[in-house]
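Thank you for having me; I would like to walk you through one protein this morning, going from the whole chain down to single residues. Please have a look at the sequence and the structure before I go on.

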Amino acid sequence: ALRLAPVEHGLPRSYVPDTHGVRAALGMVRDADPVPQVGKYSTYPNLFPYSLIPAYGAVYVGGRVIGEWDNPQDYGNELLDNPGLPNLIARLVVVLFGALTTWVVFRAAQAAGLGVGAWCAAWLVATSCLHTHLSVHERPWVPMVFFQSLALWAAIAYVKSSRPRHLIACSLAAGLAFACHQSGLGTFALCGFAWIFSLKEGVGSSTPRQRFLVGLGALAAGLAAAVLLGHPYLLVHGDTPTAAVVGGSGSDFSVGGQGIILSLRWESVSSLLASLCSYDPILVFVGLAGTVSAWKRPSLRPLCAFAALWAAFFLTQQSDHVRYLLPLTVLFALFGGALCEGLWKQGTAGIGTLLLLGLPLVQDVRLAHVLQSPDARVEAEELLGALPEGALVAIDRYGPSADLNEASLELLKGLREGRGEGLRTREV
């Protein structure tokens, strides 16, 4: 409910700059091109657009039944004439991924042996403001974290059982996370940690050679899933040209259309931590406080190691976007669940902790209310419309959208060229 309530935020406008997964899904269907070149529609992997196509198909069938449109052409025209419709359908798909993530975290916590703590972990994800906010964006972040949560569940199961199918499931889920977004590649580190900590536990009777082969086979399965469902352009078109990569030659290496710069930026640490704590102060607090409780449980140790690695890498990246910390919400929720499990047995402390968990709900309800309110940029658009013809207006990159006439484009081009830049694709 907390994710559904604000799902129409800002529509029919889409102020978020990287919602090209919607364009990719529609373009693949329109052009009958399921494996387009990187950059033709999107610089992200293909799994998220693939997941949207059945949803668009289901809406077409439903509309055909109730008489909204008579043929695919009418439906296509509706999608073009009403840009809010394809975005809304995509957001509903993301909301579903977000809701399912809460259930997966609950099951993962149960697999780790948590009782009350499993309910607390699920609650912390369900009421996470960061997770809720990104659950109403038609972007691949929440789907990626859903598959990462599946990998966490499988990693916990593997440490406890050493069964090959659990490690293979962990790797497949990691591959699907990578198939949603390039940063999901790091999820394979979780599989490695699960393999290492299972050796320490000594569960099962496999020989070192057998365990090594299982690990190698699991990695191959995960990478195959990632390539087939997220990066099939590698098989069809080969390497991505530098010109199609965001960051281009300035990147140290790239995956698909996204470049990565391998250099530390310590300024990012303070800004990202401030953003994360502003979104979810209680989640961060109980997550960090619960790390010790989580480490005491062997099945959660791979998750602790993975959380440390993920935080160390993305907190010091050049791109200080808080969305890169979204995986920490499910990890901190599980660590917080481990903490609550221990405190619950201490009477007053446990009750106090549960009362503290009411604050995230208050914050999330407030966020949902804010997102349902008229966007300030809508009001700005109305003010722009009231200006006299020929008025000169400066709009920053996250400001309201405005239709630019030829004179405006010429002026903007001159300003950009003065900075060594040019018009962006959507402005040409």
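Predicted model: local features only at pLDDT ≥ 70, side-chain atom pairs only at ≥ 80, totals over all residues.

Among contacts in this protein between residues at least 6 apart in sequence, 73% join residues that are at least 24 apart, where a contact means heavy atoms within 4.5 Å. Residues are numbered from 1 along each chain as its sequence is written, and side-chain values use heavy atoms, with hydrogens and water left out.

Let me stay with the whole protein for a moment. It has 20 helices and two strands, and these are DSSP runs, numbered from the N terminus, with helices being H or I of at least four residues and strands being E of at least two. A compact globule of 428 residues would have a radius of gyration near 22 Å, and the protein has 23 Å, so the two agree; the radius is taken over C-alpha atoms, and the globule rule is 2.2 Å times the number of residues to the power 0.38. Along its principal axes, the C-alpha trace spans about 75 × 55 × 50 Å.

How many of the residues count as buried? Of the 428 residues, 47% do, where buried means under 20% relative accessible area, exposed means over 50%, and partly exposed lies in between, with a 1.4 Å probe and protein chains only.

T187 counts as buried because its relative accessibility is 0%. Its side chain makes a polar contact with the side chain of Q148 at 2.9 Å; a polar contact is a pair of N or O atoms within 3.5 Å, and within protein one must be able to donate a hydrogen and the other to accept it, while residues adjacent in sequence count only if both atoms are side-chain atoms. Not counting residues up to four places away in sequence, T187 touches Q148, A151, A174, A177, F306 and W310.

S299 sits in another loop, between α14 (291-295) and α15 (301-314), and with a relative accessible area of 6% S299 is buried. Leaving aside neighbours within four places in sequence, S299 is in contact with A112, I156, V159 and K160.

Turning to a helix, we find G21 in α1, residues 20-30, and G21 counts as buried at 6% relative accessibility. Beyond its neighbours within four places in sequence, G21 is in contact with F48, P49 and L52. G21 and I351, by comparison, are 330 residues apart in sequence and 44 Å apart in space, C-alpha to C-alpha.

A32, in the loop between α1 and α2 (47-66), has a phi near 50°, a positive value in a residue other than glycine. Is A32 buried or exposed? With a relative accessible area of 65%, A32 is exposed. S162 lies in the loop between α7 (141-161) and α8, and its phi, near 60°, is likewise a positive value in a residue other than glycine; S162, however, is buried, with a relative accessible area of 9%.
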